[in-house]
Amino acid sequence: MTNAPTKIKLHNTKTRKKEVFTPLDADNVRMYVCGPTVYDRAHLGNARPVVVFDVLYRLLRHVYGPEHVTYVRNFTDVDDKINARAAESGRAIGEITEETINWFLGDMGALGALEPNAMPRATAFIPQMVEMIEGLIAAGHAYAAEGHVLFRVRSYEAYGALSGRSVDDMIAGARVEVAPYKEDAMDFVLWKPSGLDLPGWDSPWGRGRPGWHIECSAMAHELLGESFDIHGGGNDLMFPHHENEIAQSCCAHPEGGFAQVWMHNEMLQVEGKKMSKSLGNFFTVRDLLDQGVPGEVIRFVFLSTHYRKPMDWTADKADVARNHLKRMWSLVGPTETQNASEHLPQEFVDALANDLDTHTALQLLIKWTKEGRADDVTAAAHLLGFLCVSEAYDALFDEDWLAEETVEAIEEAIFQWHLARQQRDFSRADKMRGQLLALGIRPVSQEDENSNWVFSNPDFMSDNDNARIIDGIEKMRGEAG
Ligand code: AMP
Ligand code: ZN
């Protein structure tokens, strides 16, 4: 452990309490997050769990050491929505899933999300699923009927404990499919038959394909073991998906505890309704990026609301976020700095460790930016996944950064300063340097005056900047004669 003093507290859906997080093995902290079904571009709501659990991943890496955290997020690449997309487009399933996975990784990368340690695809774990299903049948928790295998929900007493509801309440509230081969309406599919026109694998129950829930149970078991630390996803997955994962995993591996801590992010909404494909009220991450909203801005807007609260995306929030990010970047300059974490103030880590209080963490960042605490801002921003890559800087300042003539005026002024030094007129050079600094124009490297100069003023914010800089430079040149 590198940072033992940090005590992480996480809200555990299972206990409905905020608890001190104690990993099963501090040398290998393990987290599983349900990933996307890959048939289409991720919408903005899909990105929320990615960003939320990316922050948790970064925090865990900070506290336990990067090599002591294992983060697994799956790709569901066998699903009826994928089959339907293939049928309607005439394209091969593998082509669609491959393309969508690449889109997803590109889009989430643009939001500053690190790639998890493992990104298993369901289709690569069919034997493990079959084995798990066989075990469930042998133990009386599942039964085969008409080419299907179903999980016998009434055989698992704790069913519903995660969401805190009884089986009967859940039946009343859910749209459960009644089918002749089911013993009980609540029973859910572990395996279903596939005709030759659909993806299928040979199994003891004939050619077929897995149900959705068994995927996560089998992949989590294979990659993280029968007990691991954290399981995450959106709260829309709590029932039935996560209840079913727990039932399968705990019945297949009664010795294990499956996930110790369950974490659920609230939904991204559009006018009070969950953003979702089925409601049609969605736009994709790519739409926003293409409209010139930088990934960092999206990330900032997400993190300004606590993950357990619903949130709306608004253009106003994006404007505010952009301004804050510009101030931060302006303070630290467009260089990528590494290993700043040793300067990280504990107050900041503590905010994040308090059930990912990203709102408070951002407030600290904003405050320190105003105070000009460049090192603290760099270190803290890095932990949150900001100011990490210079492409983000370019995206942010791309549009309404300095006008061409301002850039030319700055370049000319810097040239004059170099000239004064060459002519060994140091008093003039120093005066010019002071005036440039006052305008927020300074060398990228404090040690090397001959490095590139940048405009980086923490007070920067308005459209008047161009005029202000040009005025300042004209005044300076007037004085220099
Ligand atoms: P899906 O592909 O629909 O299974 O969703 C992938 C992930 O996105 C899951 O963790 C969902 O909980 C999450 N998700 C879907 N819609 C939203 C939303 N509107 N807000 C936040 N998370 C969402
Ligand atoms: Zn899952």
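This section describes the ligand site, selected strands and several individual residues of a predicted model.

Residues are numbered from 1 along each chain as its sequence is written, and chains are lettered from A and ligands numbered from 1 in the order in which they are written. Because the model is predicted, local features need pLDDT of at least 70 and side-chain atom pairs count only at pLDDT 80 or more, while totals for chains, interfaces and linings use all residues; side-chain values use heavy atoms, with hydrogens and water left out.

Ligand 1 is surrounded by 18 residues, where a residue is near a molecule or strand if one of its heavy atoms lies within 4 Å of it. The closest are Gly45, Gly234, Asp236, Leu268 and Met275. By class, the shell comprises seven nonpolar, seven polar and four charged residues. In this classification Ala, Val, Leu, Ile, Met, Phe, Trp, Tyr, Cys and Pro are nonpolar, Asp, Glu, Lys and Arg are charged, and the others, Gly among them, are polar. Helix 1 (44-64) and strand 9 (227-234) each contribute at least two shell residues, and helix 1 gives the most, with four. Helices (H or I, at least four residues) and strands (E, at least two) are DSSP runs, numbered from the N terminus.

Polar contacts were taken as pairs of N or O atoms within 3.5 Å; within protein, one atom must be able to donate a hydrogen and the other to accept it, and residues adjacent in sequence count only if both atoms are side-chain atoms. A nitrogen atom of ligand 1 lies 2.7 Å from a polar backbone atom of leucine 268. An oxygen atom of ligand 1 is 3.1 Å from a polar backbone atom of glycine 234, and a polar side-chain atom of asparagine 46 is 3.3 Å from an oxygen atom of the ligand. Taken alone, ligand 1 exposes 490 Å², of which the protein buries 88%. Accessible areas come from the Shrake-Rupley method with a 1.4 Å probe; for residues, only the protein chains shown count as cover.

Leucine 44 belongs to helix 1. With a relative accessible area of 0%, leucine 44 is buried (buried, under 20% relative accessible area; exposed, over 50%; partly exposed, in between; 1.4 Å probe, protein chains only). Not counting residues up to four places away in sequence, leucine 44 touches Leu268, Met275, Phe283, Thr284, Val285, Leu288, Ile298, Phe302 and Trp313, contact meaning heavy atoms within 4.5 Å. The C-alpha atoms of leucine 44 and aspartate 287 are separated by 9.2 Å, although these residues are 243 residues apart along the chain. Threonine 284 is located in the loop between strand 12 (273-274) and helix 8 (285-290). This residue counts as buried because its relative accessibility is 10%. Leaving aside neighbours within four places in sequence, threonine 284 is in contact with Arg41, Ala42, His43 and Leu44.

Strands of a sheet pair through backbone hydrogen bonds, either parallel or antiparallel; here two strands pair if DSSP finds at least two bridges between them. An open sheet of three strands has the order 12-11-13, with mixed pairing. Strand 12 and strand 13 (311-312) are its edge strands, each pairing on one side only. Strand 11 (residues 268-270) and strand 13 run parallel and are joined by two bridges. Glutamine 269 has aspartate 312 of strand 13 as its bridge partner.

Strand 5 (residues 142-145) and strand 6 (residues 148-151) run antiparallel and are joined by four bridges; alanine 142 is paired with phenylalanine 151 of strand 6. Three bridges join strand 6 to strand 7 (residues 188-193), again antiparallel, with phenylalanine 188 of strand 7 as the bridge partner of phenylalanine 151. Both faces of strand 6 are covered, with His148 and Leu150 buried on one side and Val149 and Phe151 buried on the other. The hairpin of strand 5 and strand 6 has two residues between the strands. Glutamate 146 lies in this loop and has a positive phi of about 50 degrees although it is not a glycine. Glutamate 146 counts as exposed because its relative accessibility is 60%.

A positive phi, near 55 degrees, also occurs at phenylalanine 258, a residue other than glycine. Phenylalanine 258 lies in strand 10 (residues 258-265) and is buried, with a relative accessible area of 4%. A cis peptide bond, with omega about 0 degrees, joins phenylalanine 239 and proline 240. Proline 240 is placed in helix 7 (residues 238-252).
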